[in-house]
Structure formats: C-alpha cells, structure tokens
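Visitor: Could we go through this fold together, starting with how its strands are arranged?
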Amino acid sequence: MMKSLKISTFPDYETLSKEAAMFVFQKIKETHEQKNTCVLGLPTGSTPIGMYQQLVTLINDSFQLTTFNLDEYYPIQKDNDQSYHYFMSKQFWKPISSQSAKGEFNIPNGEAKDPQEECQRYEQAIKNAGGIDLMILGIGGNGHIGFNEPGSAPDSRTRLVNIADSTVQANSRFFNSMAEVPRQAITMGVGTILESREILLLASGKSKKNIISTLLALEKPDRQIPASWLITHPHVYVYLDTEARA
Ligand code: GLP
C-alpha cells in the first residue's frame, strides 16, 4: 500500500502551532472561495491549544465557519470545566465570536438522554453540512483518534464507546480523582473521520514519540492502532515537533 502521509517536522511547539494555524487558515480561505463556507472537524486535548490561539488571530468577520468536534465525554454536563464543550467554548468558540466571525459550532451532546439517538443526529448533521472539508486530529499515546480506541473498525460511525483504561489514566490528570474521570464518550467513528476531504494530524512532545515512530513505520493499517487507518486516506498531513519525531 502506498503511504500517503505528508509529514512536516517543526523545531518546537510554538512553531508547530503557528504552522498548523496557517495551514488551517489557508484551507478555510480556499474552501471559502469555492463555496462560501468551510466545514472543519476539531479536536480537544492539550496539543491543539496553541493552534487555536493562533487561528483566532487570523480569522475575521468575512468567514462563515461550520465546525464539528470529534468527541465528548458521556455523560457530562456542558458547564463541567472538564467537558469538551467547556474547552471549545473557552479556546475557540468565544474568541472567534468576539472576532465577529460567523460560525455554527457543533459538538456531541454529553447531556443527551438517548446517546444512540444523539450519535445518529450528529452523523446526519455532518452530512447535512456537506461533509467535513478539513479534519484536525490529535493522537492518544495508544494511537487513538477522537475516542476511537484500539480495536475500532475502519467503517465505525459516531457512537457511544468505552474509554480505554490507559486513556482514563492519561485523562485523570485533569480531574480531582480517578472516580470523576468519565469512562464513556461519544466519538465520531474512524469511518466518519476518513470521509473528511483532508486531514491534519498534530503531535507534540516526547510522550508522542513512541506512537509516532510506530505509525510512521507501518506498511499497512493495524486495527490495534486506530490512527493507522489514516494511511489509507489520500490527503493526510502530519505536523510534528522534533520531540514527537525524534
Ligand atoms: C483525548 C482526546 C483525543 C486527543 C487525545 C490527546 O483523549 N479524546 O481527541 O487527541 O486526548 O490529547 P493531548 O493532545 O492532550 O495529548
């Protein structure tokens, strides 16, 4: 199988964040020229924070954006400061709105009574928006994308999933106690992600070095490494800093 990943390595996190923001901004402009709007898929986590900070300085009121976040804990209240809803509101939606850019921001509803129905609604909303032009991704230490943990099928859709023990452990740094760390989430599926027209994967820091070297060495997808399905997609850009690449 042809490896399609287009890899760029930057000296540090700040440069990676700036370059990622420039890349996203370029795509927004290009897509806007074609159809007067742009549909982005967005990640949470510590990795994209720098990119969001840069991006809000670039986007202005001439842009119409529709965004779909990858995932959300389930169940969780929107106003919980560990919800992805809260994170996005703080890092992107509020700053963007204050730049008067017009946006429609979507994220799976962690408060939904019926999670299955919420998953179907979310898939339909992505379809109704015409699909995702550019999906931005982080990566978990175990190779997860969104909350697609090892074993996820390549044709999986938005669904309720159990979070892997290693991810619960990794996420526990943000919570007061292990008992508070959510064990389930609603996530776009691998199939949903792969339908995006283009994908930008970001990884920064030493903690991502192992999974990145594993990913880059793969000749074909490995079901135990959800990010490995990305090598089947023709337009994937991987932005790394030297610590993640070394
Ligand atoms: C979480 C999210 C992922 C994210 C990952 C890595 O588990 N569900 O979408 O990519 O964490 O996060 P970080 O960027 O903080 O390393």
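Guide: Two strands pair if DSSP finds at least two bridges between them. Helices (H or I, at least four residues) and strands (E, at least two) are DSSP runs, numbered from the N terminus. The model is predicted, with local features needing pLDDT of at least 70, side-chain atom pairs counting only at pLDDT 80 or more, and totals for chains, interfaces and linings using all residues. Residues are numbered from 1 along each chain as its sequence is written, and side-chain values use heavy atoms, leaving out hydrogens and water.

Visitor: How many bridges join β2 and β3?
Guide: Strand β2 (residues 38–42) pairs with strand β3 (residues 64–69) in the parallel sense over 5 bridges. G41 stands opposite F68 in β3.

Visitor: And what is the strand order of the open sheet?
Guide: The order is β1-β10-β9-β6-β2-β3-β5, 7 strands with parallel pairing. The edge strands, each pairing on one side only, are β1 (6–10) and β5 (102–106).

Visitor: Turning to helices, at what angle do the axes of α1 and α2 cross?
Guide: Helix α1 (residues 13–35) and helix α2 (residues 49–58) have axes that come within 8 Å and cross at roughly 45°. Axes are lines fitted to C-alpha atoms, for helices over the stretch in contact, and angles run from 0 to 180 degrees between N-to-C directions. That makes α1 oblique to α2; angles under 35 degrees count as roughly parallel, over 145 as roughly antiparallel, 65 to 115 as roughly perpendicular and the rest as oblique.

Visitor: Which residues of α1 and α2 meet?
Guide: Among them, Y13, M22 and F25 in α1 meet residues of α2 including I49, M51 and L55, contact meaning heavy atoms within 4.5 Å.
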